[in-house]
Amino acid sequence: MSPLHSGNTLRYVTNGATGNNGACGAKGTFGGNRGHDGAQGEHGQNARALNVAIATYNNVIFVRGNQASNEFNLFDRTVSISLEARGGDAGNGGNGGDGGKGVTGSKGKNATRFRMGQNGGQGGPGGNGGDGARGGDGGNGGKVTLTVAPSQTDLLMLFNTPDVRGGAHGRGGKGGDGGPGGDGGKGGESHRYISTETRTDSSGRTQTRLTTHYQPGGFKGPRGLPGQDGRNAPDGRCGNSGSFQINDYTNQYPGPYDLSVTASRLLPNKPGDDGFFEPGKQVSVDLSVTNTGQMPTPDPQPIRMSLVDNKWVSFNPRSIFNLPCAIPPGQEVHPQNRLEFTINKPQTIPTGEPLHETGVANFCATVGRVERQFSKVATEQKRFLVRYPADIDTIEGSQSISRDEEALLSVKVNNISPKALGLQGSQQRLLKLNFKADANNTQTRSADVTFYNREGVPFSGNEGLTKSIDELPPHGQDRLSGSIRFRNPEQPLYTKATLFAELQLGRLDCPTDPQLAEVVQRRVFEVQLAEGYQYKPDADFLLVTNADTSLPEWNQWKTLAARLGLTFATWNSSLNNGISLFHELQSRETEGHHPPHLAVETDTAPLPATGEHADTGVTLVDHFKDKTIVFLNNDDTCVKTLPPCDLFRSANSGVRSYIVGPDAIREDLFYPEKDLAANLSGRARKTVIKNDIRTTNRSEARLIKAAKKQAGKLHKKWPEKRFTVVYHYEDLPLPGKSLPIVGKYGPKRIQLGTLTSILSPTNNMFAHLSKQPGASDRSDYVLDPGNVYGLLKSLSMEKKIQLVQNTVTENRDTLKKAILSELVDEHKTFSRKKWKGSIAKSALKKRLTCLQQVVNVSYSETGSKELIQEILTEFRAFAARMPTLRDKWRNSTQRKLANVTKKMIDGFKQQGDIDPANWQENYKAKKQVFATIHRKDLWRHYQESDVLPVPQNGLNDPNPVFDFNKLQNPYEADRVSRVAENSHYFRDQEERLRALEALENGNLNDNNP
């Protein structure tokens, strides 16, 4: 036998041959013959014995196995030796053949004049399937003997684990399927014949009558019975494993030696250590090693113990030590020496969360001379937690301030070790906190901001705030608090100052030297320069911003408003601690109330005035009645801070909402509160309808059914209005357990509960939802056509008409689409098929309020005339396309609606200075285009967009039904609005300290003086 080479592996192989599979049985022939049996699989051949000897001389290794030899250099670290004496696998048994199909049954006799046809005979039985054959037995593994000299047992590290497995068994063959039964014989054919009958009538004439007779044929015979399936054969036996032994000329061993680290622990090198494994620390490893093999370890070749370098471990090679030679099998040794390593420092300063990672110490045991490692030791490791003994929490403070306000800041340091930190602590280690501005910020320079400590002393942005902690007790806490203010009066609004809170610790080797202190953690905090709320009577909408609103995004909103000819006011929800549409706006006198450190720098700088909203009781709803509020819903201080029912109540007051962002919005914002009528406007309060439901069935389902029926009636009578039906179930007990009391005129009814129907705002006064701008388009989305359309759609029809009259040239097509969408929404409302009763054309004309607003206004400018002509021409073609052929045959709602729309638009055409020929030409062109579009697609074209409108939160339900007990109360303690204007302006040092203490105690919302 000559060795086989596989890459750098020298293989000595005496494997047994594999047995052949047995042949499958033949299929039975036609006529129901049995299938043939399969042939048995062949047995696997037994492996032959393998004798291998290995020795080394003059740095050359000689290997001889079964008269074949090989040699290679001792220092060739790539060579390994594999010994294989595996038994041959057995062959599978053959499958049995399928049985043959049975013979066909005999044909039945045909029908004659005197008998019916006979049925066919039954088919013959199918043949049985042949039996499967047994699988062969696997061959036995061979006996492997490895001979090596006692002083050269280190050569055993070159060998892979010998393979002496027995061969796999052969699978037994499956029995053949039984043959199908023969087909039934054909039935006899039917017979038809004609008979003649002659008779003489009363006149003596002879008459002949022909009669047709029919004898039915027979039926096809039944199929024969199928044959039985053949028997499945058992599997063969697996071969027995061979044996392996090592012979050193004196003793025999059943296996080689092996090592395992059975115990290990990490010990700091410095006495009195705090027990933390922080970067830069030197650590020792105390371990125990056990020979888990079956023979002694090599002698005299040494076994070196070491560690492997990785991300967190830098091993000290001076700590390498040798294990004792000739460790007996099963014996554990505990070396006096220890492995040492240094925990590596992170490549960058941990920013954000403190350093908290898992380090791993991987062991390595190497046999000298052959330089081979123990694989089991290489897989064993010791884990440890890499972290510093102190860390800082998230920065607490104000994310937005106005130009003359201060942003409070506070950061907390935690000592998580059992030792006191600080120069006066038991560790005598420097501990320092810093607050400073980012000098690389492109929006603000460090010179643009000023820091103030707790005593109000100013510091430049480069210098920042610093606090050296002399002693921080074990598991203790301390804080660095202060404030920041923008000092540059030319600083643009919505710029952000980036601040760093840094934790410094003294180096382990020089713990008290401040020049060598290291920054071990950094927290980042941004403060936005915002503007306080300024009431603008001519503002067309309110833009609700927050601390996440960037300067480019703010500039884009100003650009959009300028293009559309709109003006807007701003409410920063981060600056004012949230938003509540019914919060009573506050005002503060500024004269003589500047804090001491502001007296020189801003002696004449007034606090941003709040204007007319200084009057007690005035709210944002009062300022923006019949206008729009745009919510930038991208943080937790905007829509999420609105009290329950705020959008419902504001919409009843005529406020239209436009919410930018797809995040789910709480449903309690869109529905009434438990005090159903107390907080409604006068018009809505008059429409509250209460009904008592009396019935003999006291189930809640009966009341819900009545509520849905009430909602349906209101929808049929007032399709353009939206009612919210609230049911209040009262489970009143009936006398006589569950049986009603039978009175004189039948069962007595009891009051089951009440229904309250409240006139809600129409759908177009509720929020339209836009897409959430991603991180890459936080500013570009503002001028996106979808967002422009959403803003225009949310404006009142009166305002959109004003934009048409002002001949807005930019976004002209978007304005046209927004007006058409509003008209289509109204048209769809009145195009319901089911109406309660009939409605006169004059009444329908009065209820088309949006269309009335468009046609009852004069347009003097040429550009506005052209735009309104395009809108009305397209809408008239749309209305003419909606009635179906069936609607035109009868006086349906669709036909009536189309006629009223046509007359209203024609009346406007006669009053306005419009070219009739051009009008008619455009109308015919649009009508031809719409004729090719399906009505559903035409609806969808005007009512859907890539972005807007997407009514959510139950707004698709025209008249929702709610349980009274599930309604929210906007004045519950946990949902009370905590809006605080001017909360970042402090009149004196005492007020600042009080606010800082509130912030440090976790009551940031209570710092409003």
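Begin with α12: 14 of its 20 residues are buried, so this helix is largely enclosed by the rest of the structure. This is a predicted model. To select α12, take residues 862-881. From first C-alpha to last, the helix reaches 29 Å, close to the 28 Å expected at 1.5 Å a residue.

**The whole protein**

Zoom out for a moment. The protein has 17 helices and 43 strands. It has 1009 residues, of which 50% count as buried. Among contacts with a separation of 6 or more, 81% join residues 24 or more positions apart.

**Helix α9 against α12**

The crossing of α9 with α12 is right-handed. On the α9 side, select R812, L815, K816, I819, L820, L823, V824 and H827. On the α12 side, select E866, L867, E870, I871, E874, F875, F878 and A879. Colour the residues of this contact by type, and they divide into 10 nonpolar, one polar and five charged.

Now centre on H827, which is in helix α9. Is H827 buried or exposed? With a relative accessible area of 2%, below the 20% cut-off, H827 is buried. Leaving out residues up to four places away in sequence, H827 touches F875, F878, A879, M882, Q894, L897, T901 and W939.

**Helix α8**

Next select α8, residues 797-805. The buried residues in this helix are M797, K799, K800, I801, L803 and V804. Which helices do the buried residues of α8 pack against? They pack against α2 (551-564), α7 (785-794), α9, α11 (849-855) and α12. After α8 comes T807, with a positive phi near 50°.

Nonpolar side chains tend to be buried together in soluble globular proteins. The largest nonpolar core here has 90 residues, and I54 and I81 have the most contacts inside it. Strand β31, residues 496-505, gives this core its largest share, five residues. Apart from this core lies another, of 61 residues, including F541, V630, V788 and I914.

Select I54 and show what surrounds it. Beyond its neighbours within four places in sequence, I54 is in contact with I61, F62, V63, I81, L146, T147, V148, Q152, L155, L158 and F159.

**Backbone stops**

Most residues other than glycine have a negative phi, and most peptide bonds are trans.

Go to N58, in the loop between β3 (50-57) and β4 (60-65). Phi of N58 is positive, near 50°, and the residue is not a glycine. N58 counts as exposed, at 60% relative accessibility.

Then go to Y494, in the loop between β30 (477-486) and β31. Y494 also is not a glycine, and its phi is positive, about 65°. Y494 counts as buried, at 0% relative accessibility.

For the peptide bond, select D299 and P300: the bond from D299 to P300 is cis, with omega near 25°. P300 is in the loop between β13 (282-291) and β14 (303-308).

**Two buried loop residues**

Select G221, in the loop between β9 (206-215) and β10 (243-247). Its relative accessible area is 9%, so G221 is buried. Which residues does G221 touch, not counting those up to four places away in sequence? They are G120, G121, G184 and G185.

End at Y671, in the loop between β36 (656-660) and α5 (682-685). Y671 is buried, with a relative accessible area of 4%. The C-alpha atoms of Y671 and F648 are separated by 5.5 Å, and the two residues are 23 residues apart along the chain.

Technical notes: Residues are numbered from 1 along each chain as its sequence is written. This is a predicted model: local features need pLDDT of at least 70, side-chain atom pairs count only at pLDDT 80 or more; totals for chains, interfaces and linings use all residues. Side-chain values use heavy atoms; hydrogens and water are left out. Helices (H or I, at least four residues) and strands (E, at least two) are DSSP runs, numbered from the N terminus. The expected span of a helix is 1.5 Å times one less than its number of residues. Buried means under 20% relative accessible area, exposed over 50%, partly exposed in between (1.4 Å probe, protein chains only). A nonpolar core is a set of buried Ala, Val, Leu, Ile, Met, Phe, Trp, Tyr and Cys residues joined through side-chain atoms within 4.5 Å. Contact means heavy atoms within 4.5 Å. A crossing is left-handed if the near helix is turned anticlockwise from the far one by less than a right angle, and right-handed if clockwise. Ala, Val, Leu, Ile, Met, Phe, Trp, Tyr, Cys and Pro count as nonpolar, Asp, Glu, Lys and Arg as charged, and the others, Gly among them, as polar.
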